[in-house]
Amino acid sequence: SGSMKIQNIVLGGLIGFAFFSGMAAADGGGHKEILPDETIIGISLACTLLTYFTVAKISGFSLDNVEKITAALIMFTIVVHAILGIDDLKLLAGAAGYLAFGVAFYVMEIPFVEKNRTIFSYLLIIYTLAIVVFYLYLHPDLTKNGSYDSVGILTKISEIGIIVLTAKKLN
């Protein structure tokens, strides 16, 4: 039917958009140090723990443990992207993308998202996968400026966690 076709076109567009914005948001590296890695990791971990313990209180949903962990991991990657994004707008866009998903999935009930939750779950997975894949393409040896990119690696681990836990929820 015609409306199905339109839906598929819109969906295809959304998936493409998610993938390309994920690619764009992946860190190209080589930016000046805004904060030492340890500081970025510390701030991000603090926000992650805070999210885990408080998200259920501000949420319009009743969240189970897996959802709280996923929300916390999303917060980790948001904070890293936001801090690094001080110097790089693409990374800020990455933070904004994750923030939108995090709010829509774990904080506010948005009818359109709820109706199409499965689709949006796939979009989150594709968005995150694009960021991870593109990061690995840019940093195949996981280093930045000659030393291990600990912030990047931890962020990728949290992003892989987001993918795995979101996929688990789909089944």
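This is a predicted model: local features need pLDDT of at least 70, side-chain atom pairs count only at pLDDT 80 or more; totals for chains, interfaces and linings use all residues.
## Helix H1 and its packing

Helix H1 covers residues 2–25, which makes 24 residues in all, and the distance from its first C-alpha to its last is 34 Å, close to the 34 Å expected at 1.5 Å a residue. The residues of H1 that are buried are Ala 18, Gly 22 and Ala 25. These buried residues pack against three helices, namely H3 (65–84), H4 (89–106) and H6 (117–138).

## Salt bridges

When the whole structure is searched, 4 salt bridges are found, and three pairs are described here in turn. One of them joins Arg 117 to Glu 114, with the closest N and O atoms 2.7 Å apart. Arg 117 is partly exposed, at a relative accessible area of 23%, and Glu 114 likewise counts as partly exposed, with a relative accessibility of 28%.

Another salt bridge brings together the side chains of Asp 149 and Lys 144, at 3.8 Å from N to O, and in this pair Asp 149 and Lys 144 are both buried. Glu 159 and Lys 156 also form a salt bridge, in which the closest N and O atoms are 2.8 Å apart. Where do Glu 159 and Lys 156 stand relative to one another in helix H7? They are 3 residues apart in that helix, which spans residues 150–170, and are therefore separated by about one helical turn. An α-helix has 3.6 residues a turn, so residues three or four places apart point the same way. Glu 159 and Lys 156 are both buried.

## Thr 166, a residue of helix H7

Thr 166 is also placed in helix H7. Is Thr 166 buried or exposed? With a relative accessible area of 5%, Thr 166 is buried, because residues under 20% are counted in that class. Once its neighbours within four places in sequence are left aside, the residues in contact with Thr 166 are Thr 70, Ser 121, Leu 124 and Ile 125.

## Ser 62, a residue of a loop

Ser 62 lies in the loop between helix H2 (37–58) and helix H3. The relative accessible area of Ser 62 is 72%, and this residue is therefore exposed, the cut-off for that class being over 50%. In sequence, Ser 62 and Ala 46 are 16 residues apart, while in space the distance between them, taken from C-alpha to C-alpha, is 23 Å.

How values were computed: Residues are numbered from 1 along each chain as its sequence is written. Side-chain values use heavy atoms; hydrogens and water are left out. Helices (H or I, at least four residues) and strands (E, at least two) are DSSP runs, numbered from the N terminus. The expected span of a helix is 1.5 Å times one less than its number of residues. Buried means under 20% relative accessible area, exposed over 50%, partly exposed in between (1.4 Å probe, protein chains only). Contact means heavy atoms within 4.5 Å.
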